[in-house]
Amino acid sequence: MDEKYDAIVLGTGLTECIISGLLSVDGLKVLHMDRNNYYGGESASLNLNQLWERFRPGQTPPKELGPSRDFNIDMVPKFIMANGNLVKVLVKTNVTKYLEFKAVDGSFVVNAGKVEKVPATAMEALKSPLMGFFEKRRAAKFFSYCQDYDPENSATHQGRNLKQISMAELYKAFGLDEQTQEFVGHSIALQSTEGYQSQPAEPSVLKIKLYNESLMRFFDQGIRSPYIYPLYGLGELPQAFARLSAVFGGTYMLSKPDVEVVYDAEGVVTGVKSNNEKGEPETAVTKLVVGDPSYFPDRVMKVGKVVRAVAILSHPIPGTDNVQSAQIIMPQKQIGRKNDMYVFCCSFSHSVCAKDKWIAFVSTTVETANPEAELAAGLALLGPTDEKFIEVRDVYAPISDGAEDKAYISRGYDATSHFETVVDDVMDLYQRITGKPLDLDKQDPRQAAGFDDSHELE
């Protein structure tokens, strides 16, 4: 391993694997290492035996749950926006050839204690109890405005400067009531707190536009949700990007528990040290290191905590029309919190568990000294559970941008059940490392081979 590399990547979480693949495609000589003997890091997918080892060491899973190998349980479950930036990254790198996707059946929101479907068609919108009759007309005008909006075309702005006016002001301009604002902001724009209302409107309008574009991506195939999800779970994603890196000359080393970043007297990265198979220390020299926060304990700060529950069910989540997969967003005001709560559900239809079983997750940002109790509202939606596990994780962020010490550190995974914030971090990391933005528009994802509109989802 005593070689020189352009970049060394530590950790095989999704963020790190995407960066490793992108840098390899750019022609950099990349060494990718992980202290674990499996891919995924904090975002790994576990079989049933591994799940029990993690939460109930020394015990074995009940046989009635099914074979361990039938389970691929994601520790950081997140759906993928069908027309979002992660899909564009997959297309740009041609990683789609390593993966199979299946649509998520439904997108829901909690309103007045009930699980309601987020409307996906004009007919659903007319029947939806989320808005009154006259409110639906106002909302239709608002959605039409968002869909037509183009930041580069002032003719679509209707005289409004969305870089200056707040989202609250835009809602007011269209006369939308508080309940509509809540379901639009949290279940469509996917904002996690009410803070977005006082911020410039453009980012939220573009998120609403993205939701609609994702909804329409496979609409002609009868899909009524903006989300997709890989068969066999998210653990396939890091491995797919690892294959990409290897194709372009990247080197992978797992089971390196003693890996350590080396700095010079000025605190600038010079390499990574670890022991070889004989237990002898060796150092790989590099110009920069990329990694998750766990590899840089003295160069990150804690920015919050996330609590997640994973439950194994023998039924779909009540109130979701018996769908095999779903996302339910619980807006903060509906449950008396400062942050939204997310319910994520997948089943044997996505090959993540045994037949006639469902995997459900409930997650939120920790606000009190009793994180488990904070999940009560979300867990109540699940109905009877076969098994339940709860985990609290600290979320870390880098102290600096890496420009001086050449240590480029990713952010921890938040509580959201979609990937847009993760890809934002990837794009930020890529620009910090290379000095150039990641261009995702060189290839139109709607026309790309293997993932265009003619592509049948499983």
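Modeller: Here is a walk through that sheet, then the space beside its strands, and then a few neighbouring parts.

First, the ground rules: this is a predicted model, in which local features need pLDDT of at least 70 and side-chain atom pairs count only at pLDDT 80 or more, while totals for chains, interfaces and linings use all residues. Residues are numbered from 1 along each chain as its sequence is written, and side-chain values use heavy atoms, with hydrogens and water left out.

Now the sheet. It is open, its seven strands come in the order 9-8-17-18-19-16-20, and the pairing is mixed. (Strands are DSSP runs of E, at least two residues, and helices are runs of H or I, at least four residues, both numbered from the N terminus; two strands pair if DSSP finds at least two bridges between them.) Strands of a sheet pair through backbone hydrogen bonds, either parallel or antiparallel. At the edges you'll find strand 9 and strand 20, each pairing on one side only. From one strand to the next, the twist averages 25°. (Angles run from 0 to 180 degrees between N-to-C directions, and axes are lines fitted to C-alpha atoms, for helices over the stretch in contact.) Helix 2, residues 48-55, packs on this sheet and touches strand 16 and strand 20, with its direction at about 75° to that of strand 20. (Contact means heavy atoms within 4.5 Å.)

Start at the strand 9 end. Strand 8 (residues 106-111) and strand 9 (residues 114-117) run antiparallel, joined by four bridges.

A search of the whole structure turns up one cavity of 30 Å³ or more, and the largest cavity holds about 50 Å³. (On a 1 Å grid over the protein atoms alone, a cavity is a set of points where a 1.4 Å probe fits but cannot get out, and lining residues have an atom within 4 Å of a point; points are joined across faces, edges and corners, and a volume is the space filled by probe spheres set on them.) Its lining consists of Phe55, Met75, Arg308, Ala309, Val310, Phe361, Phe389 and Glu391. Strand 16 (300-313) and strand 20 (387-398) each supply at least two of the lining residues, and strand 16 gives the most, with three. By type, the lining has six nonpolar residues, no polar ones and two charged. (Ala, Val, Leu, Ile, Met, Phe, Trp, Tyr, Cys and Pro count as nonpolar, Asp, Glu, Lys and Arg as charged, and the others, Gly among them, as polar.)

There is also an open sheet of three strands, in the order 6-10-7 with antiparallel pairing. Strand 6 (80-81) and strand 7 (101-103) are at its edges with a single partner strand each, so one side of each has no neighbour in the sheet. Strand 7 pairs with strand 10 (residues 227-230) over three bridges, and Ala103 has Ile228 as its bridge partner in strand 10.

Last, a helix pair: helix 3 (residues 85-93) packs against helix 12 (residues 420-434) at about 55°, with axes 8 Å apart. The two are therefore oblique to each other. (Angles under 35 degrees count as roughly parallel, over 145 as roughly antiparallel, 65 to 115 as roughly perpendicular and the rest as oblique.) Asn85, Leu86 and Val89 of helix 3 meet Glu420, Val423, Asp424 and Met427 of helix 12.

Note on methods:
1 Å grid on protein atoms, 1.4 Å probe; cavity = no way out; pocket = protein on both sides within 12 Å on 5 of 7 lines; lining within 4 Å.
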